[in-house]
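Hi everyone, thanks for coming. Today I'd like to walk you through one protein, step by step. Please have a look at it while I talk.

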Amino acid sequence: MIAEIFHLLVGWSRRIGNAVRGDVEKRVGGPARARVVTLFAAVLALNGADTSTVGAIAPQLESSLHISNGDLGLLSSVSLLVGAVFTIPVGVLVDRTKRMPLLEISIILWSLALLASAFAGSFSSLLLSRLALGAVAATAGPAIASLSGDYFGADERGRIWSYILVGESAGTAFGYIVCGFAASLIHWRASFIALAIPGFLLARELRRTVPEPLRGGQSHLKVGTVEIDVEALKAETHADRKGQAQEEARAAQMAAAEHEVAREAARRAGAVANPRLVLHEDPGRMGLMRAVRYLFSIPSNALLIIGSSLGYFYFAGLQTFALLYVKGHFHASQAAAELVLALLVGGAVVGTLAGGRLPDWLLRRGDLAARVRFPAICYILASVLLIPGFVGSTLMPAVWFYVAGAALISAANPPLQAARLDVVPAGLWGRAQSALTVVRSLAQAASPLLFGGVSDLVAGIVPKPAPITTTGTHPHAPSSSTATGLEVTFLMMLTALFGAGLVLLKARKTFATDVATAAASEPSASGAQPAGEPAPRAGPV
């Protein structure tokens, strides 16, 4: 009987897998392209799964290692902080070496660090393994971004990237559900082992099926490609430097054309470029520090980075402590709490996939500020909708407020990404991504530490009731004072989410001018609005 059920489940899994694979191939344009997208998404999924696993096994960690919420926050923060520190040097390494071998080696080291976490004998040894994990995980973002740019054309890069980003949410769901279940059924150490094994398999699959593409957009995968021709890619490496430079210039022009809709809307609005910020040199030849200073001197770009980082700050804290809060506040079982988090992740996936469509539709109809206004509204609405979820006393109504909040927070990300590229010259997009990654990673690293520290402070003030035994008590359930501390912390930190919305609303005032300035800074800006007098605001947008 058991064997029959097993074979039935295997058959269903194969049918579902084939259906999903066919749908992905149809959406991205063929087996080879689907393979690259799926494997790159899996790399990001590993990182998302690791981050969520700490939150999923939080009750077991606190019970086994006798640690507080602050210590738990430190476990989450330390890998993100180290990752932020290593982002810039790793980005330089990605630009100067072969990326696929670098990515494969990083995934293997990442899996070894996870095994070290699984066999850690104390909090300090677990913390050290998390330090190593952060250094290795820093490779994933820059490498995937660079490789995706060489495998896919500028006209479809945004759509392909949205599919790859789904891997983060899928990995988060895996961490919450599978690793959380492993911790409940076996031990928290089994959760890290469950993450390490897929890492070794993924590194092997990447080495076997995805070759190193040529830089400068010379290895775009055509629609309908079945297999990646490794020999053809190797043959193209003998192209002369002049031809490669021409290809890179054409790729930059194609990428700039992708944002012509926003620039055309800026011209129709009468926006004038800011002469102080118009570049009269090739941005690709700017030094790193000068490029960073220039990027943060663009008013809209600086505000977009701040707003986006505040949104990620709140979501990182929610992701780390949501399971503890749901178990303590609602006296829910581990399985019920994991189901709530799975629904939250599902809301985030829906928000990510749907978030870019409405702003793009409005932009095509001349609403230039749609890519800034929409995420601002999302953050403000999320900060309002989450309040009844946190103060509610029953789980079922509250969970839908959580799902709506997660969807709104995630829906803000795609238009923010597009808006940031609208105001930055194409030759600086790579360094703009690094600047965003560093600031955002620092915000994510600070989040669990602050959330955990504040909740411990509040829990220390709240009187601890005498322990009682009830039918609602579950193993590793947090105390009522811990749950109260997290509730107060979540409500307090909503000010960061609300502040993100206000910051983005402020960015509307300079967005049109900065779009015109980016257009005038392109090498082929003959048709762009010339720099003139200091840019007036192009009316309310």
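I'll start with the whole protein and then go to single helices and residues.

First, a word on where the values come from. This is a predicted model, so local features need pLDDT of at least 70 and side-chain atom pairs count only at pLDDT 80 or more, while totals for chains, interfaces and linings use all residues. Residues are numbered from 1 along each chain as its sequence is written, and side-chain values use heavy atoms, with hydrogens and water left out.

Now the overview. The protein has 21 helices and 0 strands; both are DSSP runs, numbered from the N terminus, with at least four residues of H or I for a helix and at least two of E for a strand. Of its 541 residues, 52% count as buried. Buried means under 20% relative accessible area, exposed means over 50%, and partly exposed is in between, using a 1.4 Å probe and protein chains only.

What about contacts, meaning heavy atoms within 4.5 Å? Among contacts between residues at least 6 apart in sequence, 84% join residues at least 24 apart.

Let's go inside. A nonpolar core is a set of buried Ala, Val, Leu, Ile, Met, Phe, Trp, Tyr and Cys residues joined through side-chain atoms within 4.5 Å. The largest one here has 134 residues, and F40, L206 and Y314 touch the most other members. Helix α21, residues 480-520, gives this core its largest share, 15 residues. Beyond its neighbours within four places in sequence, Y314 is in contact with several residues, including F451, F490 and L497.

How many disulfides does a search of the whole structure find? It finds 0, where a disulfide is a pair of cysteine sulfur atoms within 2.5 Å.

Next, helix α3, residues 58-65. Is this helix enclosed or open? It is largely enclosed by the rest of the structure, because 6 of its 8 residues are buried. Among them are P59, L61 and L65. Just after α3, H66 takes a positive phi of about 55 degrees.

A salt bridge is a side-chain nitrogen of Lys or Arg within 4 Å of a carboxyl oxygen of Asp or Glu, and the structure holds 7 of them. One joins E212 and R99, at 3.0 Å from N to O. E212 lies in the loop between α9 and α10 and R99 in helix α5, so this pair ties together parts that are 113 residues apart in sequence. R99 is buried, at 0% relative accessible area.

Another salt bridge joins R207 and E104, at 3.8 Å from N to O. Here R207 sits in helix α9 and E104 in helix α5, so parts 103 residues apart in sequence are tied together. R207 is exposed at 65%, whereas E104 is buried at 8%.

L109, in helix α5, is partly exposed at 42% relative accessibility.

How values were computed
Contact = heavy atoms within 4.5 Å.
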